[in-house]
Every structure is written in structure tokens, then in C-alpha cells.
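Here's a quick walk through one model, taken a piece at a time. Have the viewer open and follow along.

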Amino acid sequence: MENKEKETHVSKFAENPYVEIKKRVSMAGVWSVVVAVVAFGASAVLSDPQSSLKLFLIVVGVCFLIYGLIKLAVGNKVAVCRANGKVLKKHELLFESSEVSRLKQMVESGNFQSIGSLPRAVGHKAGAKLTLFIDDQSFATAQVSEFIPFDYEPVMSPMSYDGDRVKEIAALTKAA
């Protein structure tokens with residue numbers, strides 16, 4: 001018997017040559033820390049140690065500080081177009097598992113108007129996923145994935161589009 005090594009497919013959406021995932025500072029975290037500092041400062045101004053207002057300001061300050069530090073530590077992940085540096089919006093459309101090959105063919109041919117006619121997934125039938133990253137009507141990238149127990153695996157390499165095709169893709173996401 002031959003000893004065949006199991007081929008592992010590690011690539012996910014992170015290997016999209018058109019899209020880069022960047023981590024940005026969370027503005028909600030920054031504002032939460034500022035509110036916490038203001039609450040602590042206001043509680044320090046109050047001279048009565050038994051004041052319920054002072055205790056309230058300390059509790060509010062602690063809550064906002066914890067929330068803010070968590071948001072700053074986690075940050076925001078943003079998809080950015082490598083070509084022009086613009087932020088992309090991610091959309092995921094789910095279809096029935098029987099439509100994987102037709103969906104792949106439509107994306108490869110750029111026939112996005114026909115994708116709207118494919119049956120959408122209901123419940124546990126979501127076996128195909130179309131992942132779209134769209135810029136403000138000037139750039140888009142698409143990739144089809146198939147659900148293989150416990151995760152979606154890409155069935156095609158990402159494709160990029162520009163011009164009128166981007167408008168068709170944007171219309172597809174608005175219809176969803």
C-alpha cells in the first residue's frame with residue numbers, strides 16, 4: 001500500500017492578492033478612555049467621601065475604562081484595497097450547496113446579473129458562500145467558497161473587477 005500524505009489546504013481569504021486586512025485603532029475605545037478620565041477627574045473634585053455621586057462617577061469611570069481598554073487592545077480590522085488604499089466593505093451572500101458550480105461559473109464569467117436568480121440559502125442548506133469586497137463603485141473582488149464540515153473552503157482564486165462590473169456587484173449586494 002502506498003503511503004499518501006494528506007494534502008492540507010491552509011489558504012483562506014487572507015491570501016487574497018487584491019485585499020489586505022489591516023488593524024486600526026478603535027475610536028470607540030479612545031472615546032471610552034477619555035470619558036473614564038473625565039469621570040475620574042469629576043469624582044476627584046467632589047470633596048464628600050460618602051457622596052453617592054462620587055461613587056457613581058467612579059463606577060462609570062471603571063466601566064468605561066475597562067470597555068475602552070478592551071476595544072483598544074482588540075482594535076478594528078479593516079479590508080483595504082492594495083491597489084488604491086481605499087477601505088473595502090465586505091459582503092457575504094449564502095446560496096444552497098447545489099449551486100456551487102453554477103455560482104463559480106457565473107463569477108468567473110462576470111455574469112453577476114444571473115447570480116440574483118440563484119436560490120438563496122435557508123437554514124442548514126448554506127453550502128456555498130460568495131465573499132465580496134467592494135470599494136465605492138470603482139473596485140471589487142469576489143471569491144466563491146464551499147462549506148466543508150466546520151468551515152468554508154475556497155473553490156476558486158479571488159477575482160478582481162472594475163468599471164461597470166462593480167456597479168453590477170453593488171446592485172447584487174443591495175438586492176440581498
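## Helix α2 and its surroundings

Let's start with helix α2 (residues 52–74), which has 23 residues and reaches 33 Å from its first C-alpha to its last, close to the 33 Å expected at 1.5 Å a residue. That expected span is 1.5 Å times one less than the number of residues. Helices (H or I, at least four residues) and strands (E, at least two) are DSSP runs, numbered from the N terminus.

A word on ground rules: this is a predicted model, so to speak, with local features needing pLDDT of at least 70 and side-chain atom pairs counting only at pLDDT 80 or more, while totals for chains, interfaces and linings use all residues. Residues are numbered from 1 along each chain as its sequence is written, and side-chain values use heavy atoms, with hydrogens and water left out.

Back to α2. At its N-terminal end sits a cap from S51, with a side-chain oxygen 3.2 Å from the backbone nitrogen of L53. After the helix comes G75, with a positive phi near 75 degrees. Within α2, K54, L57, G61 and G68 are buried (under 20% relative accessible area; exposed is over 50%, partly exposed in between, with a 1.4 Å probe and protein chains only). The buried residues of α2 pack against α1 (27–45).

Take F112 as an example: beyond its neighbours within four places in sequence, F112 is in contact (heavy atoms within 4.5 Å) with V107, A142, Y161, E168, I169 and L172.

## Salt bridges

There are two salt bridges in the structure, each a side-chain nitrogen of Lys or Arg within 4 Å of a carboxyl oxygen of Asp or Glu.

| Pair | Closest N and O atoms |
|---|---|
| E92 and K90 | 3.3 Å |
| K129 and E92 | 3.5 Å |

Shared partners join K90, E92 and K129 into one network. Which of them is buried? K129 counts as buried because its relative accessibility is 8%. E92 is partly exposed at 40%, and K90 is partly exposed at 47%.

Technical notes. A polar contact is a pair of N or O atoms within 3.5 Å; within protein, one must be able to donate a hydrogen and the other to accept it, and residues adjacent in sequence count only if both atoms are side-chain atoms.
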